[in-house]
Amino acid sequence: MKVGILGGTGSAGRGLARRLAGAGHEVQLGSRDPEKARATAQKLGGGCIDGGSNPEAASFGEVVVLAVPWDSVHATLAATEEELAGRILLSMANALVMIDGEPEPVVPPSGSLALGA
């Protein structure tokens, strides 16, 4: 299966890419900085992992994983809206902030990250 990972250069995206590639899937890491995504793909061993822009990763994947920080979700989805049409989108977004060393949930003004801005 072909999987695109939006925000694929972060720790969650990198870990998921490594595991998916290890299971035999083709992975395209996406980033706002395509060169960073290509360099990250090389560090992960290349092979079935490549890198490019977020729109490239969205176009690549039969399944696309949203692995960006919670406060970047809406901007990333807006920038890849056309490429995501008709694709399966999985979101890893969790609205959490650290308070006194403990993760605390953040409820966006819309009530949900999935509802939009």
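Guide: Welcome! Here, a residue is buried under 20% relative accessible area, exposed over 50%, and partly exposed in between (1.4 Å probe, protein chains only).

Visitor: Thanks. What kind of model is this?

Guide: This is a predicted model, where local features need pLDDT of at least 70 and side-chain atom pairs count only at pLDDT 80 or more, while totals for chains, interfaces and linings use all residues. Residues are numbered from 1 along each chain as its sequence is written, and side-chain values use heavy atoms, leaving out hydrogens and water.

Visitor: Let's start with α1. Which residues are buried there?

Guide: Gly13, Gly15, Ala17, Leu20 and Ala21 are the buried ones in α1. Helices are DSSP runs of H or I with at least four residues, strands are runs of E with at least two, and both are numbered from the N terminus.

Visitor: And what covers them?

Guide: Among the elements over the buried residues of α1 are the strands β1 (2–6), β2 (26–31) and β3 (49–53). Contact here means heavy atoms within 4.5 Å.

Visitor: How far apart are the ends of α1?

Guide: The end C-alpha atoms of α1 are 17 Å apart. Helix α1 covers residues 11–22, so its 12 residues at 1.5 Å each should span 16 Å, and the two values agree. The expected span is 1.5 Å times one less than the number of residues.

Visitor: What follows α1?

Guide: Gly24 does, and its phi is positive, near 95°.

Visitor: New topic, charges. How many salt bridges are there?

Guide: Searching the whole structure turns up 1 salt bridge, meaning a side-chain nitrogen of Lys or Arg within 4 Å of a carboxyl oxygen of Asp or Glu. It joins the side chains of Glu35 and Arg38, at 2.8 Å from N to O.

Visitor: Where do Glu35 and Arg38 lie?

Guide: Both are in helix α2 (residues 34–43), 3 residues apart, about one turn of the helix. An α-helix has 3.6 residues a turn, so residues three or four places apart point the same way.

Visitor: Is Glu35 buried or exposed? What about Arg38?

Guide: Glu35 is exposed, because its relative accessible area is 51%. Arg38 has 33%, so Arg38 counts as partly exposed.

Visitor: One last stop, Val73. Which helix holds Val73?

Guide: Val73 belongs to helix α4. With a relative accessible area of 2%, Val73 is buried.

Visitor: How far is Val73 from Met92?

Guide: Along the sequence, Val73 and Met92 are 19 residues apart, and in space they are 9.9 Å apart, C-alpha to C-alpha.
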